[in-house]
Amino acid sequence: MADGPSGDPMLELLSANGPDPEHAQALMLYGRLVGTWEIRNRYLFPDGRWRTAAGEWRFGWALGGRVVQDVLWCPDFHGRFPGTTLRMYDVTTGLWRITWVSPKLPSYFSQVGRCDGAGGMVQEGTDAQGRRSRWTFTEVTPTSFRWQGFSASPLSPGSPGCPDSPLSPGAAGSPGSPGSPGAADWPGSPQGGFELFQEMYATRTG
């Protein structure tokens, strides 16, 4: 067997050439994101300010083609530690079992994903402390999409665990430009007490 990317034979076993043919149509819910995306990442920090960073988001097929894995890297937020998400299609339920890990924080989220009924995806679950989370993919086209992260608790300064963004490392990151949006400038929160704490816009580059 030939070595995988970077000469690592483990990556050869991890990666897949495409979706599992037996479930290819269902797998394209997230499979349509496979490729490389440039992102603009905005995150609400505990001091109440929004900070912005550029980054890259890569999606690929894994584990026999029933998993879509991504690697997200924003150098200003992550340093040398990107984060990764595994999205496994559960053939018995038609849902997606999702796990995010970030060694920088560290951070861990477990969610269940599904179609949102409007052309996008919604993921709901909990973080390592048991706080509820909701992540959404909307405005999905072949060349762009919007991602939003919501928390069940208000992200006010001093809140326990407030820096534990799934995609940003708390006190790191560069300040946004003057006039960076506050919470009132962002879309309203979904029902159920969730509040927006992060938003990313993605543009396909590969």
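These are my notebook entries on a predicted model of a single structure.

**Entry 1. Overall make-up**

I began with the secondary structure of the chain. I found three helices and 10 strands. Read along the sequence, these elements follow the pattern α-α-β-β-β-α-β-β-β-β-β-β-β.

I then looked up burial and surface. The chain has 206 residues, and buried residues make up 42% of them.

Among contacts with a separation of 6 or more, 55% are between residues 24 or more positions apart.

**Entry 2. The largest pocket**

I took the largest pocket next and noted a volume of about 410 Å³. I counted 16 residues in its lining; Arg 58, Gly 60, Gln 69, Asp 70 and Val 71 are those that lie nearest the pocket centre. Helix H1 (9-14), strand E2 (50-62) and strand E3 (67-73) are the elements that each give two or more residues to this lining.

Which element gives the largest share of the lining? I found that E2 does, with six residues. Sorted by class, the lining holds 10 nonpolar residues, three polar ones and three charged ones.

**Entry 3. The loop between H1 and H2**

I looked up two residues in this loop, Gly 18 and Glu 22. Gly 18 is found between H1 and helix H2 (24-31), and Glu 22 has its place in the loop between H1 and H2 as well.

Is Gly 18 buried or exposed? Its relative accessible area is 17%, so I recorded Gly 18 as buried, the limit for that class being under 20%. Glu 22, at 65% relative accessibility, I recorded as exposed, since that class begins over 50%.

Leaving aside neighbours within four places in sequence, Gly 18 is in contact with Trp 61 and Gly 65. I also noted C-alpha to C-alpha distances to Arg 66. Gly 18 is 48 residues from Arg 66 in sequence and 8.9 Å from it in space. Glu 22 is 44 residues from Arg 66 in sequence, with a spatial distance of 9.7 Å.

Leu 63 has a phi near 50°. This residue sits in the loop between E2 and E3. With a relative accessible area of 47%, Leu 63 is partly exposed.

Glu 139 has a positive phi of about 55°. Where is Glu 139 placed? I located it in the loop between strand E8 (132-138) and strand E9 (144-151).

**Entry 4. Val 122 in strand E7**

I located Val 122 in strand E7 (residues 121-127). Its relative accessible area is 10%, so Val 122 is buried.

Val 122 and Val 112 are 10 residues apart in sequence, and their C-alpha atoms are 8.3 Å apart. I next listed the contacts of Val 122, setting aside neighbours within four places in sequence. They include Tyr 30, the residues Val 112, Gly 113, Arg 114, Cys 115 and Asp 116, and also Arg 134, Trp 135 and Thr 136.

How many disulfides does the chain have? I applied the cut-off of 2.5 Å between cysteine sulfur atoms, and the count came to zero.

Cys 74 is buried, because its relative accessibility is 0%. Cys 115 has a relative accessible area of 43% and is partly exposed. I noted again that Cys 115 is among the contacts of Val 122.

Conventions: Residues are numbered from 1 along each chain as its sequence is written. This is a predicted model: local features need pLDDT of at least 70, side-chain atom pairs count only at pLDDT 80 or more; totals for chains, interfaces and linings use all residues. Side-chain values use heavy atoms; hydrogens and water are left out. On a 1 Å grid over the protein atoms alone, a cavity is a set of points where a 1.4 Å probe fits but cannot get out, and a pocket is an open set with protein on both sides within 12 Å along at least five of seven lines; lining residues have an atom within 4 Å of a point. Grid points are joined across faces, edges and corners, and a volume is the space filled by probe spheres set on the points. Helices (H or I, at least four residues) and strands (E, at least two) are DSSP runs, numbered from the N terminus. Ala, Val, Leu, Ile, Met, Phe, Trp, Tyr, Cys and Pro count as nonpolar, Asp, Glu, Lys and Arg as charged, and the others, Gly among them, as polar. Buried means under 20% relative accessible area, exposed over 50%, partly exposed in between (1.4 Å probe, protein chains only). Contact means heavy atoms within 4.5 Å.
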